[in-house]
Amino acid sequence: MPWWFFRRRRSAGAPPAAGQTVAGASAAPSLQGERRFLPEQPYMLPKDMGEVNRLDFQHYVLRSLLRANYLAPVGQPRRILDVGCGTGQWACELCHQFPQAEVVGVDLEEIKATTPPSNYHFVQGDVRRGLPFASGSFDFVHQRLLTSALPLAAWPEVVRELARVTAPGGWIELVEPGMGLRVTPTGPANEQLLRMGAQVAGQRGLDTEGVVARSLERYLLEARLTRVQTRVVEAPVGEWGGRIGSLLALDLREVWKAISAPLAAHFGLPLQEVQQLIEKASQEWNSLQAHCTFIVSYGQKPASAD
Ligand SMILES: C[S@@+](CC[C@H](N)C(=O)[O-])C[C@H]1O[C@@H](n2cnc3c(N)ncnc32)[C@H](O)[C@@H]1O
């Protein structure tokens, strides 16, 4: 994947072009700076073409880091669900890997620029309100990177909902950043940025410090999953860490830039000041040789479950 991936389809602030958004979110989107957000959702990140590009880019980085699209021993699933599917890139790749399977992506909104494989379907839904599927419908349920979307208090119930739609004998896999937006070690610019992010996220009930990631196994066990396993994947952030380090730094910088307008508005700062802080923080990742982690937890619904 080339480094210029982001610039290739750059129109970060533009709302999705006609035909690229299927309405379905509960409220009209709002613009902050040049970015488009869903104001009635706790979800922090924008919903626009810039974010489509970032999510696809991030997908390739994560796949490269994990050397796979998933880690659970899922066998040959007939129905696969991706919750909070974003651009649908993960789901579309699963369509090719399992051409006999039906793959469903569920999200608040669909934003898709390309024609998906014929065995992919999008369904609009809000996992916090319950998934629009019958119990036991899917052999494999995947949910990745929803720490920025689901309040900490909602997680146990959300994972129970994932377990409800999982078929007996089926698998659930959850993937989240191990320390939220934090990389380690941190310097002063990072600490300031993290304090600002934590305040804005905290108002929405979101976790920024990795509590969700540390609890993934517990959520699965409380939802009565068995054979629960966790893998902690550590990665460098910054050019010092070679290809993966450079790509993750680019992704993390884009995450912070994506929320720079809400941060500036919240703290009454000029946008430029927040953007300068982001640049300083990203220099710290390199000079301090920072790391981040991703946590992958998966478990199986017992064959005898209801
Ligand atoms: C950070 S993105 C991750 C997208 C995708 N899972 C990936 O790894 O590329 C989070 C996604 O979750 C969706 N989302 C946020 N809140 C949601 C909810 N309550 N129910 C369903 N999807 C939600 C957002 O619209 C966004 O597409």
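A residue is called buried if 20 or more other C-beta atoms lie within 10 Å of its own, exposed if 12 or fewer do, and partly exposed in between, with C-beta atoms placed from the backbone. By that count alanine 290 is buried, because 27 C-beta neighbours fall inside 10 Å. The model is predicted, so local features are described at a pLDDT of at least 70 and side-chain atom pairs count only at pLDDT 80 or more, while totals for chains, interfaces and linings use all residues. Residue numbers start from 1 along each chain as its sequence is written.

**Ligand surroundings**

- There are 19 residues around the ligand, and those that come nearest are Gly84, Gly86, Val127, Arg144 and Ala149; a residue is near a molecule if its C-beta atom, placed from the backbone, lies within 6 Å of it.
- This shell is made up of 10 nonpolar, five polar and four charged residues, where Ala, Val, Leu, Ile, Met, Phe, Trp, Tyr, Cys and Pro count as nonpolar, Asp, Glu, Lys and Arg as charged, and the others, Gly among them, as polar.

**Helix 2 and what follows it**

- Helices (H or I, at least four residues) and strands (E, at least two) are DSSP runs, numbered from the N terminus.
- Helix 2, residues 49–66, has 18 residues and spans 26 Å from its first C-alpha to its last, close to the expected 26 Å, the expectation being 1.5 Å times one less than the number of residues.
- Buried residues of helix 2 include Met49, Val52, Leu55, Phe57 and Leu62, and also Glu51, Arg54 and His59.

**Helix packing**

- Axes are lines fitted to C-alpha atoms, for helices over the stretch in contact, and angles run from 0 to 180 degrees between N-to-C directions.
- The axes of helix 7 (residues 242–258) and helix 9 (residues 271–287) come within 10 Å and cross at roughly 160°, which makes the two helices roughly antiparallel, a term for angles over 145 degrees.
- The axes of helix 2 and helix 7 also come within 10 Å, crossing at roughly 150°, and these helices are therefore roughly antiparallel to each other.
- The crossing of helix 7 and helix 9 is right-handed, whereas helix 2 passes helix 7 in a left-handed crossing; a crossing is left-handed if the near helix is turned anticlockwise from the far one by less than a right angle, and right-handed if clockwise.

- Most residues other than glycine have a negative phi, and most peptide bonds are trans.
- Threonine 184 and proline 185 are joined by a cis peptide bond with omega of about 0°, and proline 185 sits in the loop between strand 9 (166–177) and helix 5 (188–203).
- Glutamine 289 has a positive phi of about 55° although it is not a glycine; its place is in the loop between helix 9 and strand 11 (290–300), and glutamine 289 is partly exposed, with 14 other C-beta atoms within 10 Å.
- Alanine 290 belongs to strand 11 and lies 5.1 Å from threonine 184, C-alpha to C-alpha, across a sequence separation of 106 residues.

Note on methods
Parallel < 35°, antiparallel > 145°, perpendicular 65-115°, else oblique.
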